[in-house]
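Hello,

Here is the structure I promised to pass on. My notes on the aromatic rings follow below.

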Amino acid sequence: ANLEADAGATMELFDRAARINPKDADVYTAAGVVGNLVRDYPAATRALAQSVRLRPADHGAWNKLGATLANSGRCQEAITAYHQALSLKPNYTRAWSNLAIAHANLQQNVDACRFYLSALALNPACTHTWDFLRTVSYSLKGDRQELVEGILERNLQKCSRAIEGVVDPSNLPPRRSTLAEPVDDVLSSMGVI
């Protein structure tokens, strides 16, 4: 109960800060994080949507918005946010992992495997990702012997032969500084505004 009371007081401070400086994206990002901590996903979504409206090229804010949507059970909309983050920073490992989680939650397990493997291709040090990959692989249909062996051996090349479309870190598009679509169009398509 104290956390919720403290979070409520903290959110009031963020509301006051936003009224003082309504163009400060960092205030909205921080408010979104606090909203997530207390599981007030509608408030967190509103805050993070405002953050990306103010700073549409902020890949981290798009990823946080995606995580908020996924946490509230809106995985399809979260996928759109993760794709926005990745369009801005294609080598953003956290967004690839979150994209995998959202697909796994939607039972789109081949896609989930592909994106976990992409995260591993970009950052082999993320060893916990192998555990997530193994869990999702159990739900795959058909002959997945090579994938299972690759997971057990932690052999990315073997896994990538079994699942098509794993990102090649040497062949990523360059970072972008703008979105392909107007930010309000993207947010509207996600049902956020």
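Buried means under 20% relative accessible area, exposed over 50%, and partly exposed in between (1.4 Å probe, protein chains only). This is a predicted model: local features need pLDDT of at least 70, side-chain atom pairs count only at pLDDT 80 or more, and totals for chains, interfaces and linings use all residues. Residues are numbered from 1 along each chain as its sequence is written, and side-chain values use heavy atoms, leaving out hydrogens and water.

Aromatic pairs

There are two aromatic pairs in the structure. Rings of Phe, Tyr and Trp (its six-membered ring) pair if their centres lie within 6.5 Å; planes under 30 degrees apart are stacked, over 60 edge-to-face, the rest tilted.

Trp96 and Phe115 make a tilted pair, 5.7 Å centre to centre with 35° between the planes. Trp96 sits in helix 6 (residues 93-105) and Phe115 in helix 7 (residues 109-122), 19 residues apart. Helices are DSSP runs (H or I, at least four residues), numbered from the N terminus. Trp96 is buried at 12% relative accessible area. Phe115 is buried too, at 11%.

Tyr116 and Phe132 are stacked, because their ring centres are 5.9 Å apart and their planes at 25°. Tyr116 is in helix 7 and Phe132 in helix 8 (residues 128-137), so this pair ties together parts 16 residues apart in sequence. Tyr116 is buried at 4%. Phe132 is partly exposed at 40%.

Helix 7

Helix 7 is mostly covered, with 12 of its 14 residues buried. Among them are Asn109, Arg114 and Leu122.

Best wishes

Key. Helices (H or I, at least four residues) and strands (E, at least two) are DSSP runs, numbered from the N terminus.
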